[in-house]
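The sequence and the model are shown first.

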Amino acid sequence: MQMRIPAHTTLAAALCCCTVVPASAQATEHYQPTLESLETHPLPQWFQDAKLGIFVHWGLYSVPGWAPISHPNHDFNSTSYIINNPYAEWYYNPMRIEGSPTWNYHRAHYGANYNYYSFAETFDRESTKLNPDTWAQTFKDAGAKYVVLTTKHHEGFTLWPSAQRNPTLPPDRQHATKDLVREVTEAVRSHGLKMGLYYSGGYDWTFVPGPIRTAADYKTVQPQSPEYGAYADAQYRELIQRYHPSVLWNDIGYPKSGHALEIEAEYYNAVPDGVVDDRFSIPHADYVSPEYQTLHSISARKWEECRGLGQSFGYNRAEGEEQTIAPDKLIHLLVDIVSKNGNLLLDVGPESDGTIPPVQMTRLKALGAWLHQNGEAIYDTRPWTHAEGKTADGIEVRFTRKIRRCMRRCSASPLHRRSRSRL
């Protein structure tokens, strides 16, 4: 989207009074593992209202923390993209493709025979330096209403001490020693934010190692064995039962040998106001999740764009100002998404010790400052009749509609107000 960057951003919000049933009055349903039952799950009001979440990619890949800064348009199916993957959290895949930039980087910095899972020792040591309250306060100050933490990425290492034994990794390289999922979850909730959990259901390179070299490999590397299906089911049940996440964020798909319908039904029964994304390989979802893609018009269905502040989700030490979204463009992105019935799940990639890179912190602070002044036009809003417009002097505007919630029936006379905000 090409947008003139003015000295101020203009939003138009139509405020109206209407009848809303309080969430506490909503009857709790017992969900069955069928599409018909799951489809009765209503989108929780908190998710509709939140508008901004923080994604956190943190794991073994945060130790090397490197990827080539190429392919900013994320053309996933290109062979060149696979070899020059800009996602630092995918480090283990291209480091095994001879001649790739990551293969060369790994040999130069760690040696040809250094095993990726040996990063576990360093990550265990460095991750003890994390102060989860600092993260939670930072995310709250940025204006986020929920957080989603990666609990297991594609390489299979988990951030909680799972009771499920990994069949290929040594005991000291299967999971973090500390229960990092619990520590972050408790801190986030203590600051009044919702906590969600990411899990890579579609890939686990400890079961089908790959590497992915061509676009066709994206499918063939997905594990489908009965052993992996049981493993993924069991780990999801651990996450649900131990942490009761408000968001269950699956990635890549789900094994056919697993039981996605059962997992989602059990989840809703445990967390009735929870939400699931659209990456479980079944038709049901509470919202759709485009990646580094923004819709061009208002969507009747709830959606959430996930993207990094830079080109990567995981920490990439090669990224700087040029690769990181500018503060004003980040604010415009959020405004545009919200006007079209979306949420923004904005990713930070901490270093192995939990430090959020300064280039990312400046963006979070700028976004938080803007939302502190202008959040009324963002939070608790709904799309208006149209999303986009221009002022008489050609400044791009986006429209939202504010709903005043009532405990009882009240008049529906609209109040129109235009809010002008400065960057």
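How many bridges join strand β4 to β5? Five bridges join β4, which spans residues 194-200, to β5, and these two strands run parallel. The model is a predicted one. Within this part of the sheet, Y199 stands opposite N250 of β5.

**The sheet and its helices**

The pair β4 and β5 belongs to an open sheet of seven strands. The strand order is β6-β5-β4-β3-β2-β8-β7, and the pairing is parallel. At the edges are β6 (275-276) and β7 (303-308), each of which pairs on one side only.

Helix α6, made of residues 132-141, packs on this sheet. It touches β2 (52-56), β3 (146-152) and β8 (342-348). The direction of α6 makes about 145° with that of β2. Helix α11 (residues 327-339) lies across β7 and β8, and it runs at about 145° to β8.

**Helices α9 and α10**

How do the axes of α9 and α10 cross, and at what angle? Helix α9 covers residues 226-243 and helix α10 covers residues 260-270; their axes come within 10 Å and cross at roughly 5°. Angles under 35 degrees count as roughly parallel, and α9 and α10 are therefore roughly parallel to each other. On the α9 side the contact is made by D233, Y236, R237 and I240. On the α10 side E262, I263, E266, Y267 and A270 take part. By class, this contact holds five nonpolar, no polar and four charged residues.

**Voids**

A search of the whole structure finds three cavities of 30 Å³ or more.

Which residues line the second largest cavity? The lining consists of G156, T158, S162, Q164, N166, Q174, H175, Y231 and Q235.

**Local backbone features**

Two loops hold backbone values to note. The peptide bond from G210 to P211 is cis, with omega near 15°. P211 is found in the loop between β4 and α8. K51 has a phi near 70°, which is a positive value in a residue other than glycine. The place of K51 is in the loop between α2 (45-50) and β2.

M361 is in helix α12, which is made of residues 358-374. Which residues does M361 contact, leaving aside its neighbours within four places in sequence? With those neighbours left aside, M361 is in contact with T138 and I356. M361 and T138 are 223 residues apart in sequence, while their C-alpha atoms are 8.6 Å apart in space.

Technical notes
Residues numbered from 1 in each chain as written. Predicted model: local features only at pLDDT ≥ 70, side-chain atom pairs only at ≥ 80, totals over all residues. Heavy atoms only, no water. Axes fitted to C-alpha atoms, helices over the stretch in contact; angles between N-to-C directions. Helix = DSSP H or I, 4+ residues; strand = E, 2+ residues; numbered from the N terminus. Parallel < 35°, antiparallel > 145°, perpendicular 65-115°, else oblique. Contact = heavy atoms within 4.5 Å. Nonpolar A, V, L, I, M, F, W, Y, C, P; charged D, E, K, R; others polar. Pairing = 2+ DSSP bridges. 1 Å grid on protein atoms, 1.4 Å probe; cavity = no way out; pocket = protein on both sides within 12 Å on 5 of 7 lines; lining within 4 Å. Points joined across faces, edges and corners; volume = space filled by probe spheres on them.
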